[in-house]
Amino acid sequence: MEFIPHDDQTIIEMLRVIGVENINDLFRDIPKDLLIESLGLPTGLSEPDLSKKMKQLSELNHVYDSSFLGAGCYFHYIPSLVDFIINRSEFYTSYTPYQAEASQGYLQAIYEYQTIISRLTKMDIANASMYDGSTALAEAIIMASGVRQKTTILIIEGIHPEYINVIKTYCWGHGLNYKILRIEDLNLELSDDIAAVAFQSPNFFGEIQNIEKLVEKVRLKSPSCLIIQVMTDPTCLGLLKPPGDLDIDIFVAEGQSFGIPPSFGGPGLGIFTVKQKYLRKIPGRLVGKTKELFGDQEGFILTLQAREQHIRREKASSNICTNQALCSLSALVYLLSVGKSGLEEIAKQNFLKSNFLKKNLAKIPGYEIKSKNPTYNEFVIKCPNIDALIDECEKVNIMPPLKLTYYYPEMKNLALVCVTELNSFESIKVFLKAANTAINIGGVKDGF
Amino acid sequence: MGSEPVLIFSKQVKKSQKNFIPKMDLEEVSLENILPKEYQRADLNIPEIPEIEIVRHYIGLSKKNYGVDNGIYPLGSCTMKYNPKINEVIARLPGFANIHPLQTKNEGALTLIFEMAKLLGKITGMDGFTMQPAAGAHGELTGLFIMKKYFENKNLNKTKIIIPDSAHGTNPASAAIAGFSIIELESNESGEVPIDQLEFAMEEGDVAGIMLTNPNTLGVFDSQILEITRIVHKYGGLCYYDGANLNPVLGICRPGDMGFDIVHLNLHKTFSTPHGGGGPGSGPVGVKEELIHFLPEPCLISTHSGIYCRENSHTSIGYIKAFWGNFGIIVRAYAYIIALGAEGLKRVGQISVLNANYLRVLLKSKYNLPYDRTCFHEFILTDKKIPNGVTTEDIAKRILDYGFYAPTIYFPLIVSGAMMIEPTETETKTSLDQFCDVLITIYKEAESTPELLKKAPINTPIGRLDAVLAARKPVLKE
Amino acid sequence: MDYNILDNLKYTQTHEWVKIEGMNAITGISDYAQHQLGDIVYIELPNIGETIEKGSSAGEIESVKAVGEFLMPLTGKVIQINNLLSENPEIVNQSPYDKGWLIKIEILNLKEENDLVSADEYKNIIEREDK
Amino acid sequence: MVEFSGFLMPVQYDSIIKEHNSVRNNAGIFDISHMGEFMLEGKDVIPFLQYIMINDLKLLEPSKGQYSIMCYENGTVVDDLVYYEENPERFRMIVNAGNIEKDFKWLNDHISGKNVKITNLSDKRCRIAFQGPNSDDLLQRLINIDLTKLNRFYFSHCDLNGVPIFIARTGYTGERGFEISFEYKYAEKVWNDLTRLGATPAGLGARDSLRLEACYSLYGHEISDKITPIEAGLNWLVKPKEGIDYIGKSVLMKQKKEGPSRILVGLNLIDKGIMRDNNKIYKGSEEIGFITSGGFSPTLDKTIGLGLVKTRFSEIGTDVEIEIRNKLLKGKIVAIPFYRNV
């Protein structure tokens with residue numbers, strides 16, 4: 001395939017206008033010995049051949065009937081209009097809306113996104129998006145250290161292990177120190193030298209933290225330290241108290257649950273929100289409302305750009321340029337589609353269905369619930385024979401839960417189970433049956 | 001009295017919409033028993049809006065927006081080329097869209113990522129690639145982390161990065177996030193890196209290396225490129241290639257051969273994935289052999305029994321993003337590359353340069369061309385020769401009136417009143433001619449009716465907006 | 001382009017102005033600096049009581065397209081800041097030497113006053129820069 | 001203005017009490033250019049001074065100053081003064097205004113062949129005292145040396161905003177502070193720079209009330225050619241200086257051993273009134289002495305005075321009467337100094 005419109009005649013005409021013999025004359029500035037004959041790649045494909053090849057490749061990935069796997073990436077229902085709207089060429093083939101007058105549609109949409117996210121989280125300011133949850137958290141930490149002019153970060157256990165890994169890299173690169181600690185040990189480490197405390201709730205193991213208590217603790221021992229909350233499935237905000245009601249300074253989340261397909265973990269959506277007082281320190285783009293210069297009509301425009309790399313360069317609040325605009329559009333349309341009652345219902349179903357499974361799994365001999373606090377749509381269960389459980393799931397074509405040894409080698413026989421609104425009573429029964437069969441295969445292995 | 005835009009929130013109705021909620025098919029238990037009241041949310045201020053209203057609202061907004069599918073999008077350094085529709089279809093195949101990053105039956109996905117890395121290696125002349133970075137700037141940061149690690153491993157304290165003043169703002173910003181300080185290098189009159197200045201800077205000793213865009217933002221291919229990389233290497237430094245402008249040399253020459261040690265690419269520029277109004281993008285990073293073991297996790301290796309994730313290497317910089325990068329974008333770019341093949345890609349390079357030079361020559365009669373030489377994918381005009389105090393901004397706004405998108409303006413910073421024009425290879429001669437006519441017409445208007453340009457745009461859904469008001473009194477939500 | 005440079009003030013190479021009153025000094029940015037920045041949209045000033053070294057950053061001045069740093073013209077202790085500017089930064093554009101003053105400091109090193117330049121010297125500096 | 005030994009001197013710039021308090025609470029500047037400044041140079045300066053001064057120069061070292069007294073053979077006082085050792089062969093001396101000629105003659109009369117040359121710099125240089133609890137912090141803003149490293153009675157040569165000066169940590173107010181000396185031509189510049197620092201110009205009136213609270217002797221009052229240092233309570237100044245003879249030594253050592261018949265004491269007035277010098281002091285019907293200095297103390301807000309009384313009545317707490325304008329007012333002998341903060 002080729003997406004070049006010129007025929008040879010046209011090319012010759014154009015070369016004549018330019019005043020060169022042939023196309024290679026245009027590349028004279030390139031040192032001779034740098035020129036290559038060919039990239040040595042296979043020859044191109046026509047569209048039908050391409051689709052065939054790609055379809056075959058896609059089929060090497062297994063697609064399941066239902067899933068009990070979450071751990072930072074979730075299967076929720078995506079209303080059809082989401083894809084329909086983001087596929088409008090005017091949106092998805094446009095660039096960052098630098099020319100406001102020719103980009104009012106997108107600018108207004110981002111403004112509406114900022115509004116709905118700030119209403120959902122009850123935080124004062126939401127930016128136009130970051131890459132994903134993990135990088136949003138890393139940027140939050142860098143922002144906090146900048147605000148506080150301090151370099152030590154406290155990270156509370158239970159943040160997604162991949163997020164923690166990302167933080168580690170950013171801290172190393174940016175010259176920050178971090179301590180990972182149990183929530184119980186927070187008091188020991190808190191001091192006025194701490195830039196920020198970061199925690200996840202519901203955490204990686206699905207547990208909902210007692211945020212009020214945590215915030216109180218921090219404010220007492222380290223009043224000016226920033227408190228950062230991260231979340232991997234914000235559908236829970238249809239049910240749980242929002243960060244804005246909990247005195248959180250920076251709230252970040254992975255927004256993939258809002259109308260974005262899992263697609264192997266990306267692209268997702270980095271939700272980034274802060275208190276008003278940090279407006280000037282927030283990374284990423286912001287859309288603001290303004291008026292015409294020569295009229296009274298209101299419109300939208302990228303604003304407070306002096307924070308950003310293309311103006312502040314090395315002093316910018318972040319290096320981010322391209323973000324995840326189209327994904328924020330998905331999130332916007334998703335939230336509007338399900339609406340208030342819809343989101344509340346979704347959150348309730350996630351919560352009730354997963355707790356239903358949790359309760360009933362515990363009744364099967366050999367299974368033991370490991371999560372102490374209340375859980376949202378994920379929980380940790382100790383299995384008599386985790387590999388058997390996974391085999392049984394595969395047999396009935398349901399995506400098995402996560403073996404925690406994948407991230408924590410010491411957590412033997414522990415599974416992280418996820419249940420969303422998409423898991424019907426039927427599929428839950430199937431899972432319970434699989435769990436039941438699994439105990440009779442092999443002996444009960446010893447946990448940790 | 002000014003008219004206010006109609007926001008979606010005004011379409012609210014009383015009736016709750018539950019079209020998208022599966023039936024609750026297990027017996028309701030009361031929440032309170034399992035979830036303490038103090039954990040529960042009191043209120044949720046999200047509107048209920050009928051589906052048809054949502055669709056109408058956003059179709060309406062889409063009409064107030066402009067994309068490549070509407071017409072030429074000549075934004076310099078953004079490579080706004082046509083986005084093949086087939087790639088959208090492919091990315092939505094269930095085997096790509098509905099797979100979980102932690103599922104174990106993922107051979108197709110791993111193969112695609114692995115193959116893509118190999119393809120990009122061939123295209124750029126690098127030995128290893130990571131597909132993890134989510135965008136260009138994220139790629140830059142990854143590349144700089146690799147530099148940092150490389151010197152850390154050698155126990156060398158290299159704290160500075162050389163960046164030409166023509167560079168994209170992301171370069172210094174990324175360097176700063178990675179903890180480097182910046183030495184800015186002033187481009188010489190022909191827009192190239194001044195060799196003597198470079199050598200002088202390198203002699204300082206604590207310089208980690210240089211970040212270069214080549215062809216640079218002036219559309220100039222640095223003819224001294226081999227000398228530049230030689231000097232940097234001579235002093236033990238590394239050379240970083242900002243791939244934002246790779247398009248014009250695609251299939252013609254390769255950063256790897258120019259002597260670069262690290263490159264990042266923008267799949268959403270060079271490899272046709274839609275920019276989506278600002279993202280998502282993807283910024284893979286390629287390195288030379290000796291840097292491969294610094295690449296971020298997860299890193300794929302192929303063995304006789306298939307493709308596996310490399311065991312966490314101690315020298316790796318670690319993770320820079322969760323899961324597998326922006327996989328959905330990688331799928332589209334992969335499809336684009338194998339669809340075009342070696343020949344197709346070379347045509348991309350050739351024609352993008354042809355189109356740019358065609359425009360350059362047609363416009364130089366009326367517009368000031370600060371760097372009057374054969375350009376690559378893009379070239380720069382300025383408002384210097386424009387009569388009646390008409391500025392670059394006026395011209396940009398007026399272009400919108402004629403139904404086209406404007407070039408990148410006031411960038412690079414080193415050219416005052418710059419208009420940076422990059423037509424890309426997918427534009428027809430007709431659309432190039434039309435765009436050219438528009439610019440010539442605008443020049444004439446500047447002579448005859450300058451006030452028209454000062455007030456532009458007038459045919460857009462809204463007139464020129466007050467950026468100052470927006471920044472002084474920020475209103476960022478409803 | 002000619003700019004309004006007041007003769008009764010002292011200036012710095014980095015376009016701050018200083019008005020000395022006994023042990024205190026009122027400072028701001030010059031008319032030239034204000035022109036270079038364009039419409040100012042936001043100004044960040046230091047806290048009262050902070051002691052800041054001559055030449056180091058005492059605040060930032062943002063316009064839509066640029067950011068300027070306000071460098072301390074003399075080592076001093078901040079004793080007053082212009083609170084009007086948080087709500088109305090444009091005052092600096094309108095009246096850089098009067099209503100648009102930025103901070104008032106207690107001078108901690110009178111010797112540094114000798115490094116400030118006179119209005120005439122400053123005029124030469126901006127002439128050179130303007131080219 | 002009043003004439004004060006040839007100089008026109010402001011007794012006060014503002015109100016004496018205001019000036020006084022600003023020295024106690026912040027800082028004050030005194031133009032003391034009326035005082036004398038000599039430079040003594042030569043191989044024999046040290047032996048020469050050892051012979052003339054009652055204090056012991058063995059306690060001195062280069063860049064340090066010393067308070068001392070020159071006496072007549074009978075032990076009474078020629079003058080009190082401070083000298084500074086620039087180096088063993090070069091001493092700077094500051095003497096009282098009223099005694100410049102007398103002192104200059106006295107010194108020269110006693111050179112008697114020793115290698116000492118004395119120059120009178122009094123008219124060529126200006127002297128300013130900068131005194132008060134904030135004097136360090138304020139003055140530092142003009143000085144190119146670290147004043148915290150300058151100890152009491154030590155001096156240095158440095159730069160005051162461009163002017164080369166001699167600066168010593170000495171004073172006559174009972175507060176921490178400095179005395180500086182510099183060439184006459186810089187007078188106006190230095191004075192303006194110093195007043196910019198926010199220090200209050202203070203006159204002779206405040207200088208006297210301050211030194212009285214601190215109980216520093218003033219020539220013609222506590223010390224004179226009729227009073228010995230021992231009587232003036234300065235016997236710590238009278239050094240044995242083994243093996244060295246100095247003018248007045250025999251009388252002073254004897255008096256130091258036997259104790260003086262009269263001694264300087266501090267007094268408070270219990271009744272209303274102000275003590276002035278030469279007021280008589282009575283115990284019952286017996287006249288026991290006289291007031292040497294007296295006045296109102298702004299710091300203590302009461303009338304204070306110094307007086308010479310017969311030693312046997314000098315007990316602290318002794319009730320006395322003081323004759324002021326033919327009236328006997330109740331007074332009491334109290335501990336001195338009344339106030340010092342150095």
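In chain A of this predicted model, the C-alpha centres of domain 1 and domain 2 lie 29 Å apart. The domain assignment places domain 1 of chain A at residues 80–334 and domain 2 of chain A at residues 339–439. Where these two domains touch, domain 1 of chain A contributes 12 residues and domain 2 of chain A contributes 18 residues. The side belonging to domain 1 of chain A consists of six nonpolar, four polar and two charged residues.

From the inside of chain A the description can move to its partners. Four pairs of chains are in contact, and among these chains A and B share the most contacts. That contact draws 171 residues from chain B and 167 residues from chain A. On the chain B side, helix α10 (residues 327–363) of chain B supplies the largest share, with 21 residues. Sorted by class, the side of chain B that touches chain A holds 97 nonpolar, 46 polar and 28 charged residues.

Chain B itself contains 14 helices and 12 strands. The C-alpha trace of chain B spans about 80 × 65 × 45 Å along its principal axes. Of the 478 residues in chain B, 61% are buried. Among the contacts in chain B with a separation of 6 or more, 71% are between residues 24 or more positions apart.

Chain C also meets chain A. Here five residues of chain C are in contact with four residues of chain A. The chain C side of this contact has three nonpolar and two charged residues, and no polar ones. Which residues does C:Lys65 touch, not counting residues up to four places away in sequence? They are A:Ile311, across the chain boundary, and C:Gly38, within chain C. C:Lys65 sits in the loop between β6 (57–63) and β7 (67–71) of chain C. It has 17 C-beta neighbours inside 10 Å, and therefore counts as partly exposed; the buried class would require 20 or more. C:Lys65 and C:Gly55 are separated by 10 residues in sequence and by 24 Å in space, C-alpha to C-alpha.

Within chain D, strand β6 (residues 77–87) can be followed through its pairings. D:Glu85 stands opposite D:Phe91 in β7(D). The hairpin formed by β6(D) and β7(D) has two residues between the strands.

A further part of chain D is an open sheet of six strands in the order β10-β11-β12-β9-β3-β13, with mixed pairing. Its edge strands are β10 (155–160) and β13 (200–202) of chain D, each of which pairs on one side only. On average, and with direction ignored, neighbouring strands of this sheet are turned by 30° against each other. Inside the sheet, strand β11 (residues 163–168) of chain D runs antiparallel to strand β12 (residues 177–183) of chain D, and three bridges join them. In this pair D:Ala168 stands opposite D:Glu179 of β12(D). Helix α1 (residues 16–25) of chain D packs on the sheet and touches β3 (28–31), β9 (125–131) and β13 of chain D. The direction of helix α1 of chain D makes about 120° with that of β13(D).

Conventions. Residues numbered from 1 in each chain as written. Chains lettered and ligands numbered in written order. Predicted model: local features only at pLDDT ≥ 70, side-chain atom pairs only at ≥ 80, totals over all residues. Domains from an automatic or database assignment. Contact = placed C-beta atoms within 7 Å. Nonpolar A, V, L, I, M, F, W, Y, C, P; charged D, E, K, R; others polar. Helix = DSSP H or I, 4+ residues; strand = E, 2+ residues; numbered from the N terminus. Buried ≥ 20, exposed ≤ 12 C-beta atoms within 10 Å, placed from the backbone. Pairing = 2+ DSSP bridges. Axes fitted to C-alpha atoms, helices over the stretch in contact; angles between N-to-C directions.
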